[in-house]
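Q: I have a new structure to read. Can you walk me through its features, one at a time?

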Amino acid sequence: MAGIVVVFDFDKTIIDLDSDNWVVDELGATDLFNILLPTMPWNSLMDRMMMELHAQGRTIHDIAYVLKRAPVHPDVVPAIKAAHALGCDLRIVSDANLFFIETILNHLVIRECFSELHTNPSFVDEEGRLRIFPIHNFFTSPHNFCPPNMCKGVERR
């Protein structure tokens, strides 16, 4: 199996839902999210939602706790571990963000199975707030039919 590259999406593939919506809903910010959704790009919206949750006293640990409860089909983790054990090069190309993905992969004990994660960057700032940014500039998307922050065709190369 060496030389075989398997590329996964994350949301609705490795986990059974959209991680952004899951965190917003589980932390009780759905109403504000829905109000802001038509006013800004997705990654800017998620960064703003993390700001709002932080202002409400939600911590990075609260976010991680919610992420660790995300539903996963029972066959996903064994399949990933089996493919990795066979020598497949496993990668993720996702429009989620690095903190969400790594939190869940580490929780599932499968982070080491993936050689690459192509996703939106994120980090915890000095105030303890999760910051989320687009992987690509919104105004220079490589294709007209791709979301402005990520062209998955470019990412998988």
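A: Start with one term. A cavity is a set of grid points where a 1.4 Å probe fits but cannot get out. Keep in mind that this is a predicted model.

Q: How many cavities of 30 Å³ or more does the search find?

A: Rolling a probe the size of a water molecule over the atoms shows where empty space is left. Here the search of the whole structure finds one such cavity. The largest cavity holds about 30 Å³ of space.

Q: Which residues line the largest cavity?

A: The lining consists of M50, H54, R58, T59, I60, I63, G128, R129 and L130. Helix 3 (42-55) and helix 4 (60-68) are the elements that each give two or more residues to this lining. By type, the lining residues are four nonpolar, three polar and two charged.

Q: Where does F123 sit, and what does F123 touch?

A: F123 lies in strand 4 (residues 122-124). Leave out residues up to four places away in sequence, and F123 touches R129, L130, R131 and F133. R129 and L130 also belong to the lining of the largest cavity. Now look at F99: it is 24 residues from F123 along the chain, yet their C-alpha atoms are 6.9 Å apart.

Q: Are C88 and C113 buried or exposed?

A: C88 is buried because its relative accessibility is 8%. C113 is buried too, at 5%.

How values were computed:
Residues are numbered from 1 along each chain as its sequence is written. This is a predicted model: local features need pLDDT of at least 70, side-chain atom pairs count only at pLDDT 80 or more; totals for chains, interfaces and linings use all residues. Side-chain values use heavy atoms; hydrogens and water are left out. Helices (H or I, at least four residues) and strands (E, at least two) are DSSP runs, numbered from the N terminus. Contact means heavy atoms within 4.5 Å. On a 1 Å grid over the protein atoms alone, a cavity is a set of points where a 1.4 Å probe fits but cannot get out, and a pocket is an open set with protein on both sides within 12 Å along at least five of seven lines; lining residues have an atom within 4 Å of a point. Grid points are joined across faces, edges and corners, and a volume is the space filled by probe spheres set on the points. Ala, Val, Leu, Ile, Met, Phe, Trp, Tyr, Cys and Pro count as nonpolar, Asp, Glu, Lys and Arg as charged, and the others, Gly among them, as polar. Buried means under 20% relative accessible area, exposed over 50%, partly exposed in between (1.4 Å probe, protein chains only).
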